[in-house]
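Hi,

Here is the structure I promised to hand over.

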Amino acid sequence: MKKIVTIQDVSCVGKCSLTVALPIISAMGIETAIIPTAVLSTHTMFNGFTFRDLTSDITSICEHWKKEKFQFDAIYTGYLGSFEQLDLMKALIKDFGGKNTLTIVDPCMADNGKLYPGFTQEFAFAMKDLCSKADVILPNMTEASFMLGIPYKANGYDLQYIKDLLKQLANTGSKKVVLKGIEFSEVQSEVGDVRGRIGIVAYDKESDTFSWYFHEKMNQCFHGTGDIFASVFTGAMVRGKNFKESYSLAANFVVESIKATLSHDDHNIYGVDFETAIPYLISNM
Ligand code: PXL
């Protein structure tokens, strides 16, 4: 059985990070080891959340695992709350990474032009350094802009602008970059007419090739969809799907999850009802 370790927080309410990664990766038929980095009463979009930092547990968990000689098919890091945790992830990648282990870093820290509460520009640069150790990174447009220290453009860019961003991100070290949340307001000759749609443009440094996938845009934004995307992407790669199949499946599953959410009268905005979309995921594996 394939085995992934994912390292991110537990937000007790507000489906995101480990509470989505664990069920989704498990549903994909992959053993899921976890390292919780913090326990929060809710994710940080709620007011008054509690926060218990678990940084000091990470080293002792890794020391034990090293003695047990555990190995993983993939390491997937998500939301990380401090500079120290970024350094610990570099050590973890050194200790448990290698040619048979795919390392995926989701630089989860910002969206819609803004950093999440508690993050700074310095943290974004430090996250870029962690990204340099990864095989694949999964930034959205906001995270990419913060990591490169350039202004965020919500619209009006063209494919060349996106290709430059991807190359700059790949130049920092990671082998593949999946850039999410791209919308072209004009027809792009290579991509075609994707106006009104949203999608991904990806870059594979080894083959020096770009690829993309555009899909329908859901008009409502929900929390935790980036974590759902990263979980499906990681699972699909480990289960042997190719790069483009993996990010396309991840995007499709996010769309299915949002549709499921909107079909539930009692839905809330702080997480999507990915649970009812899991049969879609399994039948598309
Ligand atoms: O979904 C990303 C995420 C993960 N974990 C925590 C968060 C967020 C986004 O805000 O607050 C604690």
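The ligand is surrounded by 14 residues, where near means a heavy atom within 4 Å of the molecule. The closest are Asp9, Thr44, Tyr79, His223 and Asp227. This is a predicted model, in which local features need pLDDT of at least 70 and side-chain atom pairs pLDDT 80 or more, while totals for chains, interfaces and linings use all residues. Numbering starts from 1 along each chain as its sequence is written, and side-chain values use heavy atoms, without hydrogens and water.

By class, the shell holds six nonpolar, six polar and two charged residues. Nonpolar covers Ala, Val, Leu, Ile, Met, Phe, Trp, Tyr, Cys and Pro; charged covers Asp, Glu, Lys and Arg; the others, Gly among them, are polar.

Asp9 places an N or O side-chain atom 2.8 Å from a ligand nitrogen. For Thr44, a polar side-chain atom lies 2.6 Å from a ligand oxygen. Asp227 has an N or O side-chain atom 2.7 Å from an oxygen of the ligand. On its own the ligand has 320 Å² of accessible area, and the protein covers 98% of that (Shrake-Rupley method, 1.4 Å probe).

Now the cysteines. The disulfide count is zero, with a disulfide taken as two cysteine sulfurs within 2.5 Å. Cys108 is in none; its nearest cysteine sulfur, in Cys16, is 7.7 Å away. Cys131 is too far for a bond, because its sulfur sits 11 Å from the closest one, in Cys108. Cys108 is buried at 7% relative accessible area, and Cys131 is buried at 1% (buried is under 20%, with a 1.4 Å probe and protein chains only).

Best wishes

How values were computed:
Buried < 20%, exposed > 50% of the residue type's maximum accessible area, 1.4 Å probe, protein only. Polar contact = N/O pair within 3.5 Å; in protein donor to acceptor, adjacent residues only side chain to side chain.
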